[in-house]
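Here is a short briefing for a reader who is new to this structure. Please look over the sequence and the model, then read on.

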Amino acid sequence: MCVLAHVLEEAGIATVVLASMRPVAERMNVPRVLYCEFPLGRPLGMPDNAAFQHEVLSAAFDLLEAPEGPVLVDYPEIVEAFETPLACALPPRYDPDIAPSVDEAQGLRAAYDRAVARRGTTEVGRSISADGVPGALTDLERVIAGEHWKEVYGPRLDTLAISHDLRSYYQEAALELAEGPAPGARQVEAWFFEETEAGKTLAVARDALKDQDAPDGIIFYMVPVGR
Amino acid sequence: MSSDQTMRDLMANLPVPEFESTPWASPPPLAQATVAIVTSAGLHRADQDRFVGRGDVSYRMLDRGDRELILGHWSSNFDRAAYVSDHNVVYPIDRLEELAADGTIGGVAPRHVAFAGNQPDTVSEVRLDTGPAAAAELRADGVDVAILTPV
C-alpha cells in the first residue's frame, strides 16, 4: 500500500493510506497516512457500522488539507480483536460411518447454501467448490491416518487453497447461523479451529504434513500464525 | 499476545523499499474531487482471473457498480469474516456513494483498483510496472484522490 501511495502521487493522484502497520508506514516516507489500530482485515474498523466507517473516512480526508508532507496521524479510537469463539451451534452427529469432520461439514451445507443465496457470491472456489468439501476433509483424514501426501494429492500439493476453501465454507455457514451483530475480529477463526471437527482436522493434518516434509511454503499458511 | 499483535511484530522489522523523498500531489477541494479506492485485498469479480498466491503483482479494475466481489488475498493471517459481513469494512464503496450524494466529495470514480497485498519483498514490479499502469488508468478516468485500504 505504501509503495502504491508513492506511485499514485507521482502520477498526480493525492493519496491517504489507512495504514495497519505503523512501523512500516513510518519508514517509507508515505505522503499521507492515517494509522488505524484496527484488527487486521478491517481497515475501516467495524463491519455493519456506517457511522464508524464515515468517521474514519472523514479523518482520512482531513489529511488532504495538509500543505505539505509526509503526514502521519493516529486515528484516536483503537478497535481490538475479540478472540473468544463465536457462539454457533454445530450439527449433531448424523452418520457414524463417516469421519466426524465430513459428517459435520455435510450438516452445514444447508446454511452455507443459504449464505451464498443471500450474498450472491462465495469465497469458496480457489481449489474446490462446496461439493468438494467432504472429499477435501476425507483427504486430510487420510494424511492424518498416515498416508503420504504424494499418494493423496499427487505431485502438486494444493492444501493452502484447500484450507482457504474449507475455512470459507465454514465461515459463511457460521455467519448465516449465528445470531446477533457481526462478530468481532477472529471470533469465527477461533470457532473454526477450537470448536469444529474440520478445524481440528486441518490443524492436525498440517502437523502431519510437516512431519512428512511437505513444502514449507504450502503448509505454513494452512493455519494462522500462532495456531 | 493477540494474533494481530503477533503479525504486527513480525512485520515491524521487515525490509521495506527505500524512498528518499515524498511525492506530493495537490488535489482540488474535496467537494470537487473524484475519489477512487485502491485496496490490497485482492478483490475481484467472479468473471475476472483469480490472484495466484504469493507474489502476484497484477491488479484488477473494479467497476463502480460491482458489489459481489471475492476477497482474493492469500494470507490466512487476518480476519475475513468482517468482509463477508460487510464489504465496506475493506472496500467502502457504499460510503463513497453516500458522500457523493450529499456533496462531501465531488464524485465516485467509475473504476477502482485491487492489488493483492502479499507481494515479493522488493515490490519492484508494482513500483515500476503494474502500479504506474493502474495509476494511469485512474488518471484517465479523472481520479484526483485515492483512499488506500490494506488487508
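Among contacts in chain A between residues at least 6 apart in sequence, 67% join residues at least 24 apart. The model is predicted. Of the 227 residues of chain A, 50% count as buried.

**Overall fold of chain A**
- Chain A has 11 helices and three strands.
- Along the sequence, these elements come in the order α-β-α-β-α-β-α-α-α-α-α-α-α-α.
- The C-alpha trace of chain A spans about 70 × 40 × 30 Å along its principal axes.

- Where do the two domains of chain A meet, in terms of residue numbers? Five residues of domain 1 are in contact with four residues of domain 2.
- On the domain 1 side, the residues that touch domain 2 are two nonpolar, one polar and two charged.

**A helix pair: α8 and α10**
- Two packed helices are described by the angle between their axes and the distance between the axes.
- In chain A, helix α8 (residues 159-177) packs against helix α10 (residues 197-211) at an angle of about 165 degrees, and their axes are 11 Å apart.
- Angles over 145 degrees count as roughly antiparallel, so α8(A) is roughly antiparallel to α10(A).
- The crossing of α8(A) and α10(A) is left-handed.
- From α8(A), the residues at the contact are Thr159(A), Ser163(A), Leu166(A) and Tyr170(A).
- They meet Ala198(A), Leu202(A) and Leu209(A) of α10(A).
- By class, this contact between α8(A) and α10(A) has five nonpolar residues, two polar ones and no charged ones.

**Contact with chain B**
- How many residues of chain A are in contact with chain B? The count is 66 residues of chain A, in contact with 64 residues of chain B.
- Several elements of chain A give two or more residues to this side: α1 (2-10), β1 (14-19), α2 (22-27), α3 (50-62), α8 and α9 (187-195).
- Which of them gives the most? α1(A) does, with eight residues.
- By class, the side of chain A that touches chain B has 40 nonpolar, 14 polar and 12 charged residues.

Terms used. Residues are numbered from 1 along each chain as its sequence is written. Chains are lettered from A and ligands numbered from 1 in the order in which they are written. This is a predicted model: local features need pLDDT of at least 70, side-chain atom pairs count only at pLDDT 80 or more; totals for chains, interfaces and linings use all residues. Axes are lines fitted to C-alpha atoms, for helices over the stretch in contact, and angles run from 0 to 180 degrees between N-to-C directions. Helices (H or I, at least four residues) and strands (E, at least two) are DSSP runs, numbered from the N terminus. Angles under 35 degrees count as roughly parallel, over 145 as roughly antiparallel, 65 to 115 as roughly perpendicular and the rest as oblique. A crossing is left-handed if the near helix is turned anticlockwise from the far one by less than a right angle, and right-handed if clockwise. Two residues are in contact if their C-beta atoms, placed from the backbone, lie within 7 Å. Ala, Val, Leu, Ile, Met, Phe, Trp, Tyr, Cys and Pro count as nonpolar, Asp, Glu, Lys and Arg as charged, and the others, Gly among them, as polar. A residue is buried if 20 or more other C-beta atoms lie within 10 Å of its own, exposed if 12 or fewer, and partly exposed in between; C-beta atoms are placed from the backbone.
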